[in-house]
Amino acid sequence: MKAFKPERVVFAADAESSRIFFNLRRAFPDVPFERVDDVQTRWHELKPQADQFGGGKKSLFLTRHKGEFLKKCPGSSGQVCCNYFVINFASNCPMDCSYCYLQEYLAENPALKVFSNVDDLIDEADQLLSSHRRFFFRIGTGEITDSLALEPYIGFCPEVIPFFADQPNVLLELKTKSDRVDTLLDLDPKERVVVSWSMNPESVVAADEQLTASLEERIQAARRCQEAGYQLGFHFDPMIEYPGWEEDYRDLVERIFAAVDSRRVAWLSLGVLRQTPALRRAMRKRFPATRLSTGEQVLCPDGKFRYFQALRVGMYRKMVAWLRRSAPITPIYLCMESSEVWQQVFGFVPACEKELGATLTAL
Ligand code: SF4
């Protein structure tokens, strides 16, 4: 996987004493660092480029986060929800998948952003977890960034994993398409951390997941994490339909479970390609050659295009059958799908989001 190197690091004066600043300095000795008192002004000064979103992956801002770090996952209107919380420790991603929804969500962002006040993040998580000890949380860090793509440069995991590992009522999920797991391997996750990978066949990785780790690199990183005591997760999302997809996805499942022990896999999820009209426009502009914006899709009630329901159900049923051969008892769930699709694929619909969340944490 290609190393990341920004063209500049812009840091707020009050972020200079943080551990992450120290780590960035050490990681990028020959990158210009700019110290600013007014981050907002510098943020807006970065000139718009022809491809502002793509250009925004070349600068990195380090600043204190002023709002709340923890949020309930927004899910998607009318779809079955899995009761998940997210921590936003950074925004934007150094990789560049052609279907990435950040192209719409962070379209105007001129830079990557990392937050320096990890101590505030831990205080906030501590308050939430300690005041609801009877509730079991799943919390992820990969909603508006990749959980591990910046890890070798910022060293976020050694700051937070020891805290989460000591909590009785949480699973922290680190979701990635990278292989950057080195900083995790000497930590003790104490059954409280799931490292998960978004997986696609090699042909999809090569065509539509630019700058990510190859399939083999992801599998080997997962194997190393499992050996180091982490639970694993795999997300087959977005699944792509194309001539030959069945053979490719069946091989993908077999390759993964030839390398890792399914008994230490916490969950598996499935979701098909979905795009809002705005994301479709962004994809066509930034990745005109991608096959993902061709083919028939229907606009669903949540405002996202998906494959026809019958096609989706068929794809999910096949994947569930292949997964069940290798991972007979691992929980499988659908991401952002309707109750009708759940019913057709699994023969049931979770009674509520808490029931689905509880199924996924009953380890
Ligand atoms: S790895 Fe995830 S966050 Fe990064 S570009 Fe791809 S889809 Fe977006």
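Modeller: A salt bridge is a side-chain nitrogen of Lys or Arg within 4 Å of a carboxyl oxygen of Asp or Glu. This is a predicted model, in which local features need pLDDT of at least 70 and side-chain atom pairs count only at pLDDT 80 or more, while totals for chains, interfaces and linings use all residues. Residues are numbered from 1 along each chain as its sequence is written, and side-chain values use heavy atoms, with hydrogens and water left out.

The structure holds 20 salt bridges. In one of them, Arg255 and Glu216 meet at 2.8 Å, N to O. Arg255 belongs to helix H10 (residues 245-259) and Glu216 to helix H9 (residues 215-227), so this pair ties together parts 39 residues apart in sequence. Helices (H or I, at least four residues) and strands (E, at least two) are DSSP runs, numbered from the N terminus. Arg255 is partly exposed, at 31% relative accessible area, and Glu216 is partly exposed at 32%. Buried means under 20% relative accessible area, exposed over 50%, and partly exposed in between (1.4 Å probe, protein chains only).

Asp237 and Arg274 form another salt bridge, with their closest N and O atoms 3.1 Å apart. Asp237 lies in strand E13 (residues 231-239) and Arg274 in the loop between strand E14 (265-272) and helix H11 (277-286), so the pair ties together parts 37 residues apart in sequence. Both Asp237 and Arg274 are buried.

Elsewhere, salt bridges with shared partners join Arg8, Glu34, Arg42 and Glu45 into one network. Within helix H2 (residues 39-45), Glu45 and Arg42 lie three residues apart, about one turn of the helix.
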